[in-house]
Every structure is written in C-alpha cells, then in structure tokens.
Amino acid sequence: MTLSEIKPRFRTVDGLSIRYAESDKPHEHEALLLSPWPESLYAYDAGWSRLAEHAQLIAVDLPGFGHSELREDLLSPKAMGEFIVRLADAFGLSKPHVVGPDIGTSAVLFAAAQHPDRFRSAVVGTGGAAVPLRLGGVLDEWVHAEDLAPYRALGPKDIMTAAIANIEGYELPEVVREDYLAAYTGQRFVDQMPYVRAYPDELPVLSGLLSGIETPVQVIAGRHDPVVPLANAEYLHERLPNSRLDIIDVGHFVWEEGADDYAKAVTGWWQAN
C-alpha cells in the first residue's frame with residue numbers, strides 16, 4: 001500500500017511550526033499521539049485505522065523531531081513534558097489519553113507528575129527510564145559519546161537507513177520511508193541528540209516523581225528490544241502506583257513490528273480508563 005490515512009499539516013504552537021495529523025472520524029474520546037525517535041508521526045501508520053475507531057486522534061511530531069521546528073530549550077524530557085501540556089491546550093483537548101513511546105516516555109511522565117489531572121491516561125514504553133541507566137546498542141553510545149564529531153560526519157540518510165534496517169517483520173510503506181528520510185536532512189539528527197544526552201541528569205529526577213503519579217499509565221515494551229532493554233519497562237511498572245505492563249514479542253519498534261498487538265493493547269487500555 002502506497003497511500004496513508006495520515007494527512008499531515010502544520011500549525012504554530014508557542015511560536016513553533018508543529019506538524020500534526022488528525023483522524024477524520026469524530027469520537028467522544030480524544031488521544032494525543034507523540035512521535036518516536038528517529039521516526040515521525042507516520043510511525044502510527046500501521047495502526048492508525050484501529051486506533052481511530054476508539055478515539056479522535058491528534059498525532060504530533062514533537063518540536064525538533066520529525067518535521068516540527070526545533071528549539072534548543074525543549075531538548076530535554078522535563079522541558080518537553082511542559083510542551084506536551086501546551087500541545088494539548090493548543091489543540092483544545094480537554095482530558096485526552098496521551099501516547100508517548102520512545103523519547104515520549106520520560107516527557108509524558110514528567111507531564112503527568114506536574115499536571116496530575118491533565119490526561120485521562122498515558123501509554124509509554126521503549127524509552128529510557130531506569131536508574132542507573134539501562135540502555136543498549138547505539139542509544140547507549142549516543143548518550144555517553146564524548147565527541148559528536150563522528151556523528152556529524154555521517155550523512156543523515158546513513159543514520160536513518162541504519163535505523164530503518166532494524167525494523168523487523170514489517171516493511172515500511174514507501175510514503176512512510178520517504179517521510180522518515182526527509183525528516184533528517186542536514187545535521188538535524190545530531191541537533192536532536194541533546195534530548196537523550198539529558199537522560200543521566202533528568203531520569204534520576206523523574207525516578208523520584210514516579211510514586212506520586214496518579215494518572216493511569218500503561219507501559220508497552222518489546223520483549224527483544226536491544227536498544228531500550230525490558231528492564232526499563234519493569235522499572236516503571238514497579239514504581240508507578242497505577243500501571244499495567246504489556247510485553248509484546250518483538251523488538252524496539254513495537255508500534256510497527258507488532259502493530260496489531262500494539263493497537264489492541266492501547267485501545268483495550270483506553271476502554272478500561
């Protein structure tokens with residue numbers, strides 16, 4: 001299939017050009033879907049129609065990621081958490097479910113900790129959370145690299161092609177592949193790295209807030225994730241007072257590699273909350 005139900009557009013939020021897409025079918029419930037890294041809001045393409053049956057969807061490329069405008073002061077989980085609340089306000093979402101896999105995990109949890117009544121529920125996972133840090137593969141290298149010059153020397157398509165190659169059991173539609181590649185022109189990928197490089201300072205702060213988060217949180221993880229090991233999801237589940245852990249038998253890109261199971265888990269969670 002070469003076409004997608006996702007039809008992106010842009011609007012200005014807090015002075016930034018933010019790319020978003022919304023589902024066509026009205027629904028009494030609302031859901032804010034946040035892009036994972038290094039992909040874009042098209043990460044939800046495989047499960048879009050199933051998710052749209054259960055909520056009015058607003059999918060967003062977080063500032064600096066996908067095709068949204070970057071601002072350096074937002075490139076940390078805590079700052080991004082505050083921006084997520086501004087996003088919900090800007091789109092007129094009264095009390096939506098929020099879905100924030102990957103880099104969205106820590107940002108959503110910061111938002112839930114600081115704004116306990118803002119979201120109906122949260123879905124997170126596949127993002128760094130454990131303290132001490134438990135990261136694998138290239139993500140661990142990106143967080144701890146002393147010199148970013150080698151990454152600046154790489155072509156953006158080299159980085160994205162390598163990332164896409166790690167998606168197992170799912171062939172990206174051409175429109176999605178091209179969107180991912182187009183999102184990381186120039187030095188954009190390296191410019192985003194401060195976000196995950198803030199993990200050593202900010203994840204310990206988040207850890208101290210987890211027990212006070214009242215928002216219901218679903219943690220979804222890939223059993224065979226080589227980049228963000230399952231220990232991160234287990235860490236959150238053990239410390240969040242109102243959480244559920246769902247493990248899907250895939251790798252890191254759960255929303256694509258296990259799209260049916262991911263959509264089933266998310267929509268089941270929405271129905272329960």
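Is Trp 37 buried or exposed? Select Trp 37: the residue is buried, with a relative accessible area of 5%. Buried means under 20% relative accessible area, exposed over 50%, and partly exposed in between (1.4 Å probe, protein chains only).

Before moving on, note the ground rules. This is a predicted model, where local features need pLDDT of at least 70, side-chain atom pairs count only at pLDDT 80 or more, and totals for chains, interfaces and linings use all residues. Residues are numbered from 1 along each chain as its sequence is written, and side-chain values use heavy atoms, with hydrogens and water left out.

**Stop 1: the aromatic rings**

Rings of Phe, Tyr and Trp (its six-membered ring) pair if their centres lie within 6.5 Å; planes under 30 degrees apart count as stacked, over 60 as edge-to-face and the rest as tilted. The count by this rule is 10 aromatic pairs. Trp 37 and Phe 189 are stacked, 5.0 Å centre to centre with 15° between the planes. The two residues are 152 apart and link distant parts of the chain: Trp 37 is in the loop between strand 3 (30–34) and helix 1 (48–52), Phe 189 in helix 8 (residues 188–192). Helices (H or I, at least four residues) and strands (E, at least two) are DSSP runs, numbered from the N terminus. Phe 189 is buried, with a relative accessible area of 2%.

Next, select Tyr 184. Its ring and that of Phe 189 have centres 6.5 Å apart and planes at 65°, so this pair is edge-to-face. Tyr 184 is buried, as is Phe 189. Now widen the selection: ring pairs join Trp 37, Phe 65, Trp 142, Tyr 184, Phe 189, Tyr 195 and Tyr 199 into a cluster.

**Stop 2: charges over rings**

A charge sits over a ring if NZ of Lys or CZ of Arg is within 6 Å of the ring centre and within 35 degrees of the ring normal. Select Arg 11 and Phe 91: the charged end of Arg 11 sits over the Phe 91 ring, 4.6 Å from its centre. Then go to Tyr 235. Arg 239 lies over the face of Tyr 235, 3.6 Å from the ring centre.

**Stop 3: helix 2 and helix 3**

Show helix 3 (residues 104–114) with helix 2 (residues 77–90). Residues of helix 2, including Met 80, Ile 84 and Val 85, meet residues of helix 3, among them Val 108, Phe 110 and Ala 111. Contact here means heavy atoms within 4.5 Å.

Key:
Axes fitted to C-alpha atoms, helices over the stretch in contact; angles between N-to-C directions.
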